[in-house]
Amino acid sequence: RELESASARIRNLQTTYERSLKSSKDLGFSQQKGKLPWPMEGRLATRFGKQKHPEFDTVVERSGIEIMAREGNAVRAVFNGTVIFADWFRGYGKMVIVDHGGKYYSIYAHANKILVSKGAVVKKGQQIAEIGEMGSDGKGETLYFEIRRGGSPEDPLNWLRTR
């Protein structure tokens, strides 16, 4: 329930942001499917979609993926855009949301340190945060990463380069 609630709060944040704009300039994100760089070096810890939660023995719907890494690893923007949120967010910890235009957003959560602020223009590959929070599995530092079109999450693995 907490994951669903947090996801709904992010959707509301995006909707409020979109209403404040006259238009969301398309920066070409929609043509990047399967071509985006990974936001951080590390191994895939959890996948997108429905899964059985190891601790709570219940099925959860994951709106993103988690990438396991070492504390302090750089988190990088996957594409050019504008930071619309850079702060602590209940259920996600320290989090950055980047607007890539055309109602596409990337979300980076569980950061130890945020290196950008709301309104900053970021470039593909630019460091925006450092990792440092435990992931949902409690087994180490992870980056929680989502891609959304409007308020709907999409599987980030469909957008990231195969490695």
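**Exercise 1.** List the residues that line the second largest pocket of this predicted model, and give their classes.

*Solution.* Step 1: the lining takes in Pro 37, Trp 38, Pro 39, Met 40 and Glu 41, then Asn 73, Ala 74, Arg 76 and Ala 77, and finally Gly 125, Arg 161 and Arg 163. Step 2: sorted by class, six of these residues are nonpolar, two are polar and four are charged. Step 3: the space in this pocket comes to about 170 Å³.

**Exercise 2.** Determine which residue lies over the face of Trp 38.

*Solution.* Step 1: the residue is Arg 163, at 3.6 Å from the ring centre.

**Exercise 3.** Count the aromatic pairs and classify the pair of Phe 89 and Tyr 92.

*Solution.* Step 1: there are eight aromatic pairs. Step 2: the ring centres of Phe 89 and Tyr 92 are 5.9 Å apart and the planes stand at 80 degrees, so this pair is edge-to-face. Step 3: Phe 89 and Tyr 92 are both buried.

**Exercise 4.** Classify the pair of Tyr 104 and Trp 159, and locate both residues in the chain.

*Solution.* Step 1: with centres 5.4 Å apart and planes at 65 degrees, the rings of Tyr 104 and Trp 159 form an edge-to-face pair. Step 2: Tyr 104 is in strand 8 (residues 104-114), while Trp 159 is in the segment after strand 12 (152-154); the two are 55 residues apart, and the pair links distant parts of the chain. Step 3: Tyr 104 has 8% relative accessibility and counts as buried; Trp 159, at 2%, also counts as buried. Step 4: ring pairs link Tyr 104 and Trp 159 with Phe 29 and Phe 79 into a cluster.

How values were computed. Residues numbered from 1 in each chain as written. Predicted model: local features only at pLDDT ≥ 70, side-chain atom pairs only at ≥ 80, totals over all residues. Heavy atoms only, no water. 1 Å grid on protein atoms, 1.4 Å probe; cavity = no way out; pocket = protein on both sides within 12 Å on 5 of 7 lines; lining within 4 Å. Points joined across faces, edges and corners; volume = space filled by probe spheres on them. Nonpolar A, V, L, I, M, F, W, Y, C, P; charged D, E, K, R; others polar. Phe/Tyr/Trp six-rings, centres within 6.5 Å; stacked < 30°, edge-to-face > 60°. Buried < 20%, exposed > 50% of the residue type's maximum accessible area, 1.4 Å probe, protein only. Helix = DSSP H or I, 4+ residues; strand = E, 2+ residues; numbered from the N terminus. Lys NZ or Arg CZ within 6 Å of the ring centre and 35° of its normal.
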